[in-house]
Each structure stands twice: as C-alpha cells, then as structure tokens.
Amino acid sequence: MLPGTAVSRLEPALLSVHRYHEISESSHRILNPLPAGKLHLLGEICCAGATRTVLDLACGKGELLCTFAEHFGAGGVGIDIHLPFVEVARARAAELGVADAVSFVEGDAGRPQGLGDRFDVVCCIGATWIGGGLAGTVALMRERLAPGGWILVGEPYWTGPAPAVVRKRYEDGQTFADLAGTLDRFATAELDLVEMVLASLDDWDRYAASQWLNVSDWLAANPDDPDAAELRERRDASRRAYLARERGLLGWGVFVLRPLAP
C-alpha cells in the first residue's frame with residue numbers, strides 16, 4: 001500500500017480500502033516504491049553469509065520474505081490482515097520453491113500471536129501505523145527480536161517543507177520527519193541506523209503511475225461494476241494530488257537498524 005495511508009485512515013468509506021489496493025496494485029509484487037533490485041540489496045545487507053529467521057509484520061504479498069528465502073536461505077513468517085494478499089504470498093512462495101522455509105498467516109500485525117520465538121530480522125515495511133506510529137511499532141518489533149538481531153523499518157520521510165494539505169493526507173494519526181529528523185527518532189528509540197536503501201524519484205513515479213494503468217484497465221473491463229465510479233474518482237484524485245503537490249516532497253526508504261548496546 002501507498003506509504004502513510006493506513007487502512008483505518010483512508011476515505012471515502014463506501015469503497016473497500018483493500019479492494020482499491022487490490023485493483024490499483026494488482027500488477028505489483030512489492031506494495032511500496034522499492035523495486036525488486038533494491039529489495040534484493042536489503043537481503044544482501046541483512047542475510048548474506050548467515051542463516052536468518054525473519055518476521056515480516058504487515059507483509060502484504062510476501063515478496064520480501066520470499067526474496068530473502070530464495071536468494072539468501074532465510075526462513076520465517078509473514079503476517080497480514082488481508083487474506084487475499086496472504087494467499088498471493090503463499091502462492092508466490094510455492095512458485096519460488098520456498099514454501100518449506102516460509103509461511104504466511106492472516107492476522108493483525110499489531111497484535112501478532114503464535115508466530116514462534118524471536119527472530120534474527122524483524123521487518124515492518126510501510127506499515128508503522130500498526131503500532132500507532134514509529135515509536136510504538138519499534139517497541140512491538142523489539143519484543144520479537146533475537147539478541148544481535150536487525151530491525152528493518154520502511155518509512156516515508158519529507159524531502160522538503162510540505163504544505164498542510166499534503167501533510168494531512170499522510171500524517172493523520174502519526175507524523176513523519178526529514179531524513180535527519182528520522183535519524184533523531186531512531187536515536188530516541190535507542191536504535192543505531194547502520195544502513196538504508198532509499199527509493200528514487202523514478203521508483204516513486206513507476207509505483208504511482210503503474211497504479212493509474214491498473215485502475216484504467218480494470219475500469220475498461222468492469223464498466224458496470226457498482227464501485228466503478230468511486231474507483232475512478234479515487235484514482236483521479238490520487239493522480240492529481242501526486243502530480244500537483246506530492247511528487248518529490250515525500251521520500252521513501254527502508255532503514256536498517258540495530259538496538260544500541262545498553
């Protein structure tokens with residue numbers, strides 16, 4: 001899902017939020033602006049040369065965990081509240097031959113239960129709303145982290161001063177900072193930022209624009225669907241907001257962290 005747009009905060013209410021994302025991101029394996037090559041780079045940073053167990057909170061379609069398993073021999077669990085995404089993740093694991101190493105469960109990532117012991121890598125990529133914001137989510141992740149483990153947080157950041165209308169779209173219930181401010185937030189949480197992989201502006205454009213095409217194709221194939229008019233309205237509003245106000249203001253990155261030594 002688009003970073004900063006938590007399920008509970010989107011509107012309007014008539015069209016299912018999950019349905020909109022199923023359609024707009026139907027061609028996406030990764031539900032954020034990070035392309036596959038940069039996802040692989042994260043695996044190199046965190047998993048190369050060691051056998052890792054990974055917990056992915058709000059895992060979406062499971063591409064991170066599947067990538068880490070296929071290329072780096074990791075194993076672990078992903079959890080997501082949306083069953084259709086969980087089913088896609090399971091199918092992807094089977095396709096890549098890693099279904100014996102990873103599993104995906106339907107559930108609330110903010111209250112994960114029965115997922116096993118502590119993990120070497122705990123991830124929350126673009127869903128820090130599960131803990132009410134960055135601080136709460138990091139605390140949740142620490143509870144599942146093994147000694148010496150890594151935390152991966154996918155989080156938006158501001159690249160410059162953002163108008164109030166843009167902040168309102170993304171910061172209802174939580175706030176974001178620029179890169180230096182994000183570093184300060186990690187320090188407050190007693191985490192050491194040791195690496196990061198950032199999306200480029202082109203990565204953002206590909207993520208956003210491909211959603212417009214997905215919606216357009218769906219509308220052409222389903223003109224009589226009762227949600228068609230609202231889906232078009234939401235796509236049009238999101239497209240205009242991106243091009244008129246948001247493009248280049250909101251950055252996106254995955255931050256690689258280790259707990260600071262006591």
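**Close-up views of a predicted model**

View 1. Of its 34 lining residues, Ala-58, Cys-59, Gly-60, Asp-80 and Ala-127 lie nearest the centre. Two or more lining residues come from each of α2 (36-47), β1 (53-57), α3 (63-72) and β2 (75-80). (On a 1 Å grid over the protein atoms alone, a pocket is an open set of points with protein on both sides within 12 Å along at least five of seven lines, a cavity is a set where a 1.4 Å probe fits but cannot get out, and lining residues have an atom within 4 Å of a point.) The model is predicted, and local features need pLDDT of at least 70, side-chain atom pairs 80 or more, while totals for chains, interfaces and linings use all residues. Residues are numbered from 1 along each chain, and side-chain values use heavy atoms, without hydrogens or water.

**View 2. Eight residues surround the largest cavity: Tyr-170, Trp-204, Tyr-242, Glu-246, Arg-247, Gly-248, Leu-249 and Leu-250.** By class, 5 are nonpolar, 1 is polar and 2 are charged.

**View 3. Seven strands form an open sheet with mixed pairing.** Follow them in the order β3-β2-β1-β4-β5-β7-β6. β3 (102-106) and β6 (191-198) are the edge strands, each with a single partner, so one side of each has no neighbour in the sheet. (Helices, H or I, have at least four residues and strands, E, at least two, as DSSP runs numbered from the N terminus; paired strands share at least two DSSP bridges.)

**View 4. Strands β4 (residues 119-125) and β5 (residues 145-158) run parallel, joined by 6 bridges.** Look for Phe-119, whose bridge partner in β5 is Leu-145.

Technical notes: Ala, Val, Leu, Ile, Met, Phe, Trp, Tyr, Cys and Pro count as nonpolar, Asp, Glu, Lys and Arg as charged, and the others, Gly among them, as polar.
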